[in-house]
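Here are my notes on the model you sent over. Have it open while you read, and go through the points in order.

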Amino acid sequence: VYASLVDERSARETVPTLRRFRRGTVRDHCRIFNLVSIINLSRGLASGRRLATATARPQLGSDLLVALFDLPLSELPALLARERRLRVCCVPYEEAGGARGHAALFGEYTHAEYLSERCGGDPHAYHNEVGRWYPEGEIYRPDLLPVPSYVLRCVRAHRVAGPAALANLLDESFLGDGETSLRTQLRR
């Protein structure tokens, strides 16, 4: 389940061999821009406070539009490695036609959880994964702003998916503070 790439073409850039692409909703979750984007830092696309990409977070009353797809089991290890900085959660979803099921959703960690669970508490492992690109602080931060090129990519994908999808992106996505919507931030 991807919450930011709801256009099939865009999703295929991340997972080229996906099958059965469709959209669905994960209830009581939102997008949160609080993860330092190591890939955008390494590519020179993120700087200052504009460092964040989106993860998913439980939030009562929010409905998160997501991309649903199947993936060959042989490709799961590569996907999990690519999304290593995210927590894998099993969540219920509902497709537009009413079909229901459970899927893996990539959600947020706290910095301490990431360091403990993904790096085994080892500062050297953290340095190899994060610190060599981002030595300044924690990987999950509430004070970040989205990476502009990433937000543009998300907006384009949601626009292709339709007006309701774009509204979902703007109104069910929040800065790391958990309060400021993406719509509000883009108006500033």
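**Notes on the fold and its contacts**

1. Among contacts in the protein chain between residues at least 6 apart in sequence, 70% join residues at least 24 apart. Contact here means heavy atoms within 4.5 Å.

2. A word on the source: this is a predicted model, where local features need pLDDT of at least 70, side-chain atom pairs count only at pLDDT 80 or more, and totals for chains, interfaces and linings use all residues. Residues are numbered from 1 along each chain as its sequence is written, and side-chain values use heavy atoms, with hydrogens and water left out.

3. How many helices and strands does the protein chain have? There are eight helices and six strands, counting DSSP runs numbered from the N terminus (helices are H or I, at least four residues; strands are E, at least two). Along the sequence the pattern reads α-β-α-β-α-β-β-α-α-β-α-α-β-α.

4. On overall size, the protein chain has a radius of gyration of 16 Å, which agrees with the value near 16 Å for a compact globule because the chain has 188 residues. That radius is taken over C-alpha atoms, and the globule rule is 2.2 Å times the number of residues to the power 0.38. The C-alpha trace spans about 45 × 45 × 30 Å along its principal axes. Buried residues make up 49% of the 188, with buried meaning under 20% relative accessible area (1.4 Å probe, protein chains only).

5. Now the hairpin. Strands S3 (residues 87–95) and S4 (residues 100–107) run antiparallel and are joined by eight bridges; two strands pair if DSSP finds at least two bridges between them. Glu94 stands opposite Arg100 in S4. Four residues lie between the strands of this hairpin, and Gly98 takes a positive phi near 105 degrees.

6. Next, H6 (residues 148–161) and H7 (residues 163–171): their axes come within 5 Å and cross at roughly 145 degrees. Axes are lines fitted to C-alpha atoms, for helices over the stretch in contact, and angles run from 0 to 180 degrees between N-to-C directions. From H6, the contact uses Cys154, Val155, His158, Arg159 and Ala161; from H7, Ala165, Leu166 and Leu169.

7. Last, H4 (residues 111–118) and H5 (residues 123–131) have axes that come within 10 Å and cross at roughly 115 degrees. H4 brings His111, Tyr114, Leu115 and Arg118 to the contact, and H5 brings Tyr126, Glu129 and Val130.

Notes: Buried < 20%, exposed > 50% of the residue type's maximum accessible area, 1.4 Å probe, protein only.
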